[in-house]
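Me: I'd like to learn how to read salt bridges in a model. Could you walk me through them?

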Amino acid sequence: MPDETELTEGGAGEPRWDEGALDAVSSPDALFRALANRTRRRVLGYLLERKDATFEELVDILTGWVASEGVVVGPDERRQLKIRLYHHHLPLLADSGLVAYDREEMEIRLETVPEDVAELIRFSTRFERPPASG
């Protein structure tokens, strides 16, 4: 089985990442684990555009996104979203090296990511846009 270096080097005609593309994340597995969930993709996509957000701002954005899909988001669903975001999604994103998460100040900031990683985030969120109204 090839090691990580062989997997990222690519062969003839294959796309190749810049040498430091994965330096911003703890590992390729951590990057893809972060992108494997819709909530985390949406958080990363939002932060890619805004760079930082408060916890409540992210909850509002995510709640609105779910509601735009026709799902009723009542107080219980919002509370569950907050719990999952606080205890699971944001810590996983912080562990991956993609975001800085200050639990005391309740602020989240996108870490500096190479353009290759930013493009991967953009690609992963391309199909996560809420439906157009009209």
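Me: Is Arg78 buried, partly exposed or exposed?

Reply: Happy to start there. Buried means under 20% relative accessible area, exposed over 50%, and partly exposed in between (1.4 Å probe, protein chains only). Arg78 has 23% relative accessibility and counts as partly exposed. One caution: this is a predicted model, where local features need pLDDT of at least 70, side-chain atom pairs count only at pLDDT 80 or more, and totals for chains, interfaces and linings use all residues. Residues are numbered from 1 along each chain as its sequence is written, and side-chain values use heavy atoms, with hydrogens and water left out.

Me: Which side chain meets Arg78 in a salt bridge?

Reply: A salt bridge is a side-chain nitrogen of Lys or Arg within 4 Å of a carboxyl oxygen of Asp or Glu. Here the partner of Arg78 is Asp60, at 2.6 Å from N to O. Asp60 lies in helix H4 (residues 55-68) and Arg78 in helix H5 (residues 75-96), so the pair ties together parts 18 residues apart in sequence. Helices are DSSP runs (H or I, at least four residues), numbered from the N terminus. Asp60 is partly exposed, at 44% relative accessible area.

Me: Which residues are linked in a network of salt bridges?

Reply: Glu56, Asp60, Arg78 and Lys82 are linked that way.

Me: How many salt bridges does the rule give?

Reply: The count is nine. Among them, Arg109 pairs with Glu111, with their closest N and O atoms 3.1 Å apart. Arg109 is partly exposed at 42%, and Glu111 is partly exposed at 27%. Glu115 and Arg122 also form a salt bridge, at 2.7 Å from N to O.

Conventions
Helix = DSSP H or I, 4+ residues; strand = E, 2+ residues; numbered from the N terminus.
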